[in-house]
Structure formats: C-alpha cells, structure tokens
Amino acid sequence: MSDTIAAVATGAGVSAIGIVRVSGPLSVSLMDALFRPADGKAMSQHRDRQLVYGKLLDEKGRTLDLCLCTLSRAPRSYTGEDTAELQCHGSPVVLRSALEALFALGARQAAAGEFTKRAFLNGRMDLTQAEAVVDIIDAETPLAARNAASQLGGAISRRTEEIYQNLTHICSHYHAVLDYPDEDIPPFTLAEYAAVLDASIRSLEALLATFSRGQFLEKGVRTAILGRPNAGKSSLLNALLGFERAIVTDIPGTTRDTLSERCLLGGVALRLTDTAGVRETSDAVESLGVERAIAAAEEAQLVIAVFDLSRPWDAEDEAVLAIAEKAAVRIAAANKSDCAPRWDVSRLSAHFDSVCVVSAKEKTGLDALGAAVAAAFPMPEADSGEILTNARQADAVRRALEYLRAAREAMAAGFAPDAVLTECEGAMDALGALSGRSVREDVT
C-alpha cells in the first residue's frame with residue numbers, strides 16, 4: 001500500500017457540502033501543493049485534526065474553491081496512514097476538479113471500500129468492524145443503524161474475545177506443560193476447564209440465535225400484498241409508502257404484474273410486493289399476473305392479505321384466504337372500513353396471526369397494522385451490536401460452536417487432552433476467521 005488514494009466521500013448529486021478524502025504517503029505533500037491556508041502557513045505545519053480554512057487550487061495553481069482542510073497523520077487516522085480531508089462546497093464540478101488535481105500530482109482513484117480495507121489491513125479495525133461500515137451505510141431502520149454502529153465500535157469482537165482468550169489459555173497451558181516438563185508449571189487437567197467450555201458454548205448459542213431475526217435488519221422482510229381485484233392492495237401499498245407508487249382505478253385487473261418497493265412499518269423494514277388481483281380470468285396477461293401473485297405469496301416471509309369489507313364475501317375471497325394460509329406469517333387487512341361492512345371481520349381470526357381493520361383510502365388503521373408486523377417480527381433481546389446480520393459471521397460462529405460442542409463431548413467421553421485441544425484450536429480458527437486474526441501466532 002505504497003500508493004496514495006483519493007475519492008469523493010459524499011453523494012453524487014449537488015449538496016451544500018462535498019468531501020474529498022485522501023489516504024497514503026503523499027497525503028500531506030498533496031495538501032501542501034493544492035491547499036493554501038488563509039493564515040499563510042503550509043498545511044503540513046498545522047496540527048492533526050485541526051480544521052483549516054483556505055483556498056483549494058488545481059494542479060496549475062488556479063482557485064477551485066474556498067473550503068476547509070484537515071490532516072490525520074499515521075497511525076492515528078481512520079486508515080492508519082497519513083490522511084487528508086477537504087470539506088468543499090458540494091458542486092460535482094468542484095469535487096471532480098479536486099480529484100483530477102490530486103490524480104495529476106500522483107494520487108489514484110480509490111476502489112470501492114478501499115479506505116476501510118486499508119483500515120483493516122493496518123490493524124485499525126477487525127473484520128467484523130470493517131463489515132459494519134457497509135451495514136451502517138445500508139441501514140434502513142434505527143435499530144439496524146444502532147446495531148451496525150455498535151458493531152463498528154467492536155461489540156461482536158468484545159463478545160467473542162473472552163471466549164477466544166479462554167481457549168488460548170487452555171491451549172497454551174497444555175503446550176507449556178508438554179514442552180517444558182521441568183518448569184514449575186501447574187499440571188494440566190481437563191476437568192478444570194469444563195465450566196469454561198460450557199460458558200463459551202452458551203455464549204455462542206445466544207449469539208447465533210440472533211441471526212435468523214438479524215437477517216430482517218439487513219435485508220428486510222419479503223412481504224406480499226395479496227387480495228382479490230379491487231380489494232385495495234395498490235391503495236394500501238401507496239398508503240404505506242406515502243406516495244402514489246401504484247396506479248389505482250375502479251377497473252378490476254388494473255394491476256397485472258408485481259410491483260416491488262421497500263418501506264418501514266412498525267419499525268420493521270419490509271420488501272413489499274404488490275400483486276395482481278387473485279381471480280379466474282381468460283385474459284392471458286392478467287392470468288400471468290395472477291400466477292406471479294401466487295408465486296410471490298409462496299416465497300414471501302409475510303403475507304398481508306387484503307379483503308374488501310364493502311363487498312359480500314365470495315369465492316374470490318376464499319381463494320385469497322387459501323393462498324395466504326400457506327405463508328409462514330399471515331396478517332389480514334380488512335380494508336374499506338370507511339364503508340358499511342358487508343361481512344363480519346371475526347371470520348378471519350382463525351386463519352391469520354393478526355387481523356387489522358383499515359382504510360387505505362383514509363389512511364386509518366395503519367398503526368395497528370404496523371403493531372401487528374412488529375409483533376410478528378420481534379428483534380432478539382440482545383445488547384446493541386450483538387445481533388448477527390452477516391451470513392459470514394454467523395457461519396464462523398456456527399463452526400466455532402460445533403468445535404466447542406465436540407470438545408465438550410470428547411472431554412465427557414474421557415478422551416486424551418490432545419483430542420480435546422484439537423477441537424478447541426478448531427474453535428479458535430473459526431473465531432479467528434470471524435475477526436480476521438491469526439490463531440497460530442496467539443497460541444505459540
């Protein structure tokens with residue numbers, strides 16, 4: 001990593017502020033060449049993390065902007081290298097020109113995620129923290145953001161570090177007794193470590209148990225909105241989104257294909273799919289839409305079935321109910337509560353986890369619908385940052401847990417210490433993969 005990288009760190013559109021970041025050995029000299037502090041001193045003469053006002057120049061010495069600059073020298077920086085940051089006005093032209101000037105003087109364009117990659121390679125963060133950077137950028141709910149921020153602060157690492165250190169102590173004790181029999185080292189006995197292994201197993205089991213729900217934080221819940229034609233599915237989608245995403249008319253069969261959007265309901269991120277109305281039809285296009293609606297419902301983790309209170313219950317509603325019953329989680333939305341009801345809502349209770357009376361047109365009952373979704377998809381009771389959302393991390397924890405269970409079984413069966421220690425080292429390898437550390441260096 002002897003080269004210097006640069007990139008725009010803010011969005012591509014016009015904004016009040018735009019940030020250009022630089023990392024690598026040329027960072028300070030590039031700022032001396034392209035930034036003129038208003039106090040007349042070179043940028044290299046200012047202390048770290050001091051915001052300095054001045055002129056940003058291009059490679060030919062022409063003024064690009066009046067902005068702020070700050071330096072962070074190695075190793076006390078995000079990447080562990082010399083870094084610089086220019087806080088400019090958010091004109092895409094200015095930011096692009098600043099990058100071109102940096103490239104002309106020896107920097108290159110940073111690859112996606114390269115600043116965080118350098119932070120990991122330089123030991124400024126472990127692998128779980130590096131992955132949390134992406135999670136916090138992609139977070140769609142306050143809980144997801146808090147969880148990712150705590151993981152960025154090392155929550156997963158702290159949770160597993162005690163287990164890792166205990167296993168290191170067990171392995172090191174065994175090898176010390178084996179390699180130095182003449183030294184005054186306490187004898188190694190497996191029984192004294194049984195409680196340690198049991199506690200480690202319980203801790204990893206609790207951590208792994210958060211993953212199934214944690215996936216909803218990262219990816220959202222696949223949700224199909226199902227119903228007969230004109231039940232109000234598209235109106236409900238629009239009401240949940242807060243804007244007119246789907247076309248709504250009184251003509252049955254208006255929605256002929258699936259529409260997908262993301263929204264937050266009851267604090268849960270949903271990947272909503274509005275489907276064609278379920279009914280028998282001779283129209284080839286509409287029939288294909290109905291097939292896709294059924295497929296979407298079968299693949300969904302949640303089905304919100306919409307029923308029209310203003311029309312008599314009939315065979316089309318029965319068909320919707322039969323399809324909805326195949327879903328793992330089912331919520332009924334008895335729609336058009338602003339009209340006189342033609343049937344009793346209680347008939348839905350035996351078929352759904354929750355039944356909510358709503359009016360998509362008047363936007364009433366949506367809070368109750370949100371509460372039903374929140375109750376159906378509760379987040380694990382875990383400390384902030386200790387909800388696993390990453391499949392790679394979950395796999396590492398799962399492998400570590402399998403090794404520890406095997407070690408405990410070997411201990412209970414009276415196997416020789418080296419058999420137990422082999423399983424313990426396997427668990428350390430898995431936990432090492434979790435954080436990106438080298439096990440052999442810690443044991444030997």
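I looked up what His46 touches and found Pro37, Asp39, Lys41, Val52 and Arg73, leaving out residues up to four places away in sequence (contact means heavy atoms within 4.5 Å). I'm working from a predicted model, where local features need pLDDT of at least 70, side-chain atom pairs count only at pLDDT 80 or more, and totals for chains, interfaces and linings use all residues. Residues are numbered from 1 along each chain as its sequence is written, and side-chain values use heavy atoms, without hydrogens and water.

His46 sits in the loop between strand E3 (35–37) and strand E4 (52–57); strands are DSSP runs of at least two residues, numbered from the N terminus. Buried or exposed, I wondered about His46? His46 is buried, at 3% relative accessible area (buried is under 20%, exposed over 50%, partly exposed in between, with a 1.4 Å probe and protein chains only).

Next I turned to aromatic pairs, and the structure holds five (ring centres of Phe, Tyr and Trp, its six-membered ring, within 6.5 Å; planes under 30 degrees apart are stacked, over 60 edge-to-face, the rest tilted). Phe307 and Trp343 have ring centres 6.5 Å apart and planes at 85°, so I noted that pair as edge-to-face. Phe307 is in strand E11 (residues 302–308) and Trp343 in the loop between strand E12 (330–335) and strand E13 (354–357), so the pair ties together parts 36 residues apart in sequence. Phe307 is buried at 0%, and Trp343 counts as buried at 9%.

Phe307 also pairs with Phe352: centres 5.8 Å apart, planes at 80°, so edge-to-face.

Definitions and conventions: Helix = DSSP H or I, 4+ residues; strand = E, 2+ residues; numbered from the N terminus.
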